[in-house]
Number of protein chains: 2
Amino acid sequence: MSYEQFIEEVNTYSRIQAIQSQLSWDQSVMMPPNGAKARAETLAWLSGRAHETITSKKMGELISNLEESLDDLNDDQKTNVLEIRRTYDKATKLPVEFIERLAKTRSKAMGIWAKARENNDFNMYAPILTELVELAREKVSYLGTEKTPYDTLLDDYEVGLTVDYLDPLFAKLKSGLIEVLNKILLAEKQEIVDLDMNFPIPKQESFCLKVSEQMGFDFDSGRMDISAHPFSISISTGDTRITTRYDEKDPFSCLYAVMHETGHGLYEQGLPDKFALTPRGTAISLGVHESQSRLWENQIGRTEEFWKFTLPIFKEEFPDFPKEIDAAQMNLIANQVEPSFIRVEADEVTYNLHIILRYEIEKQLFNGELEVNDLPKVWNSMFKEWFGLNVENDTKGVLQDIHWSMGAFGYFPTYTLGNLYAAQLFDKMKSEFGNVNQMIEGGNWLPILDWLRKNIHEKGRLHSPSDLIEKATGSQPSSEPFLNYINEKYSKIYNF
Amino acid sequence: MSYEQFIEEVNTYSRIQAIQSQLSWDQSVMMPPNGAKARAETLAWLSGRAHETITSKKMGELISNLEESLDDLNDDQKTNVLEIRRTYDKATKLPVEFIERLAKTRSKAMGIWAKARENNDFNMYAPILTELVELAREKVSYLGTEKTPYDTLLDDYEVGLTVDYLDPLFAKLKSGLIEVLNKILLAEKQEIVDLDMNFPIPKQESFCLKVSEQMGFDFDSGRMDISAHPFSISISTGDTRITTRYDEKDPFSCLYAVMHETGHGLYEQGLPDKFALTPRGTAISLGVHESQSRLWENQIGRTEEFWKFTLPIFKEEFPDFPKEIDAAQMNLIANQVEPSFIRVEADEVTYNLHIILRYEIEKQLFNGELEVNDLPKVWNSMFKEWFGLNVENDTKGVLQDIHWSMGAFGYFPTYTLGNLYAAQLFDKMKSEFGNVNQMIEGGNWLPILDWLRKNIHEKGRLHSPSDLIEKATGSQPSSEPFLNYINEKYSKIYNF
């Protein structure tokens, strides 16, 4: 049996997943409401076919045979064999009965969670959350544990991720962030213009499309639509789609969603076509993906230089916008720091504290140090300590995120990894390019995309996430570049 | 092996086709251009999986077993077994190698046809058309022939259709239509207002959505988008989509496209949900489908009564529209008869002459009476005789339709069957309802839809097309109701 036969099976597996992506995109963006039931059934059916393909006897034999003479393969081929081995092992370890049970509980949990959040009723949610925690433990029992059960969950979202790796990284990050936050809270309050006007949606759309194009997004190979929650998705070679949402009173919300999703989309558009439908041509991890979105959104988008280039375009779309508001003021508006309850609305300083809080709680849950029923108490007390805020109700606290209802324990840390990687990558770019600020201000963004293409996108899954970052930057992932970035940025904005 | 196992296999087959529908809709309506190659590959892959499923040994055995005790099944179940038997037989008779060869030749032919049409160059097209005719003959050789090879092709698009059935039907229709056409051409020319104004697209959209809703289209179970050529497609229970296109100078073009596609869409929305993903819950034929679109478009939409109800809504959308134009004038504009070259732009009188011309030509092609190279000559001479027009170039003649390039020989007659069925169904409705004109004028359209639901939609594939029409109307399909309709309508409009 040959490598070609192996790739044919892998292509089939990837093709089924690509079809799932198309149907999911349609489900979120286009599908009329009454199509929901049939669509859910079709997606479940496709999951079954994907699982069948990846766990087939044939696939197992093909992998084993290739592993016997792995040295005959080149690096691209080795990547495909090793990555499919990893996926195969995980998929075969999980009983089909378990996967179906998990899927059903997730569906049920998402409904209950939505109601519990609406009614601010944690007790309504606790039983199903307990079930989900149990299911996650059961998953760990199938996948096996090297050191801690939580490691197994972390690895599921970011290969190689462990508590041993995250603990020192996050500890340093947390103390650094709290230090900056305290300086900001002590700083003199700035005067911020209140943008009390209407920003018509078609104009916002036109502005955001221009920014996305300026970033290098290829609209012959993609499109932008509206959905309840912004996301990006790759459907095939030549077809990557992003979504956003509009708020007529707030043009920043849409802009930074579009920059974020465009960052994700550029990664997908930059993956090597010739390895399409194989792991070699696929993004390596959630953390690295998030680094691409955050770099464009924050390191580039939330800067005065960005606004120096973009504000004239913005003012063309909104001729009534006050002429006196300049790039410095736009940058101030876009970078206000304030401890707040909701993660997805958080600024760059407090965002990662939200994540580390969830990380600590998940760790305790799977260490057996914390019971589901005690979650609100622990959440609220940590929140008070770190953010200085009293959580008034669980809707603003432990009930705010959908992730646990989807069975996604161990997912949150990838958000912070993305922020750390982004700062580290941008640092390296600065040292290579010299005056990056000038490039941003001049709209000369293509070299940035080219650098990311060469150092990240084109690599697909050739290296592990941490190796990829090390190869691109010369250093292992660390929280230092991010903390330096935060210090430098906010000491300027808040004069400390 | 049980009926349930059989249905499970049938569901899988139908589900794959439903996925193909979703991907095809996206391809025509949403997909960015660079996604085309991957999409074509995915659709071809899905065709392969569908073929695999319908032709499997398991499917064959399930069908045979059920056929042995067919009398134990109820009518719905029998329909499923017999219809799947028909599909299974066709699919197993065609070698996979042939299907692939046909698919490749079709792809190639569509490209060549587009260029030949653009360059008005039949000679460029003749070789590939010859290939397609040969492939159709090869298909007939696999499927078998009872009387004429063309019968086999006809049956592929409308089950049970034969030359013996169509010849007398079309002969009577043709002479009747030419008679009416001659009267119209001799009639005094009417004064028609020239609508020289702009009809903004969002206003047209809003108007067309209102008409579609008035017809009963459920937008919680469907949507309307834009595509190059209007179409309707069912994606699943609760998800039927229609498309249209806009011309700012001509509001009629979009309106009648929407009414046509809504008619198709209502058929799909009216199919019985409980038989979803089986033949029993599927539309019976192209001809019956076309009857649903044409009934709404013509019998209802192209009447003075329709405009009496709709014109006030139309004028609300277009406040600059001349106040003096009334329903009678709108009806005149919508019903001008004039021999012209292009089928898809033809009026109700000449449209079916276009079809019968193609039918005669296809018949001769597969009888061996006509060579591909002689097509333009024969086409043009028939056109001169029937329409009184000299075909100036083949782009306006034999090169105008895409159907043959798709290998679709025997398809055209279903368009005319649709027109005949529509008139016959509407006749029956009139006799049951009494004053249908009053219902149309009053916007009281729901009883019409209900009648179609009960007599056509809910039946799925329970009866053959001609049996279905006979059961609904009490008479076998005939051209008389249509000719009466045409005579009555145009004698009023043209005063003959």
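Helix 14 (residues 348-367) and helix 16 (residues 413-433) of chain A pack at an angle of about 140°, with their axes 8 Å apart. That angle makes helix 14 of chain A oblique to helix 16 of chain A; angles under 35 degrees count as roughly parallel, over 145 as roughly antiparallel, 65 to 115 as roughly perpendicular and the rest as oblique. The model is predicted: local features need pLDDT of at least 70, side-chain atom pairs count only at pLDDT 80 or more, and totals for chains, interfaces and linings use all residues. Residues are numbered from 1 along each chain as its sequence is written, while chains are lettered from A and ligands numbered from 1 in the order in which they are written.

Helices (H or I, at least four residues) and strands (E, at least two) are DSSP runs, numbered from the N terminus. Axes are lines fitted to C-alpha atoms, for helices over the stretch in contact, and angles run from 0 to 180 degrees between N-to-C directions.

Helix 14 of chain A passes helix 16 of chain A in a left-handed crossing (left-handed if the near helix is turned anticlockwise from the far one by less than a right angle, right-handed if clockwise). N352(A), I355(A), I356(A) and Y359(A) of helix 14 meet P413(A), Y415(A), T416(A) and N419(A) of helix 16, where contact requires C-beta atoms, placed from the backbone, to lie within 7 Å. This contact has five nonpolar, three polar and no charged residues. Ala, Val, Leu, Ile, Met, Phe, Trp, Tyr, Cys and Pro count as nonpolar, Asp, Glu, Lys and Arg as charged, and the others, Gly among them, as polar.

| Helix pair | Angle | Axis separation |
|---|---|---|
| Helix 14 and helix 16 of chain A | about 140° | 8 Å |
| Helix 10 and helix 11 of chain B | about 135° | 7 Å |
| Helix 1 of chain A and helix 1 of chain B | about 65° | 11 Å |

Helix 10 (residues 251-270) and helix 11 (residues 286-300) of chain B are oblique to each other, and their crossing is right-handed. Residues in this contact include Y256(B), M259(B) and L266(B) from helix 10, and L295(B) and W296(B) from helix 11. By class, the contact has six nonpolar, seven polar and two charged residues.

The domain assignment, automatic or from a database, divides chain A into domain 1 (3-146) and domain 2 (147-496). Domain 1 of chain A gives 41 residues to the contact and domain 2 of chain A gives 36 residues. On the domain 1 side, helix 1 (3-29), helix 4 (75-93), helix 5 (96-119) and helix 6 (122-143) of chain A each give two or more residues. That side has 21 nonpolar, 12 polar and eight charged residues.

Chain B can be laid on chain A with an RMSD of 0.0 Å by a turn of 180° and a shift of 0.0 Å along the axis, using least squares on the C-alpha atoms of residues with pLDDT of at least 70 in both. This is the relation of a two-fold axis. The same surface serves both copies, since 100% of the contact residues of chain B recur in chain A.

The contact between the chains takes 27 residues from chain B and 27 residues from chain A. Helix 1 of chain B gives the largest share of the chain B side, six residues.

Helix 1 of chain A and helix 1 of chain B are roughly perpendicular to each other, with a left-handed crossing. I19(A), Q22(A), L23(A) and D26(A) meet I19(B), Q22(B), L23(B) and D26(B) there.

Key. Two residues are in contact if their C-beta atoms, placed from the backbone, lie within 7 Å.
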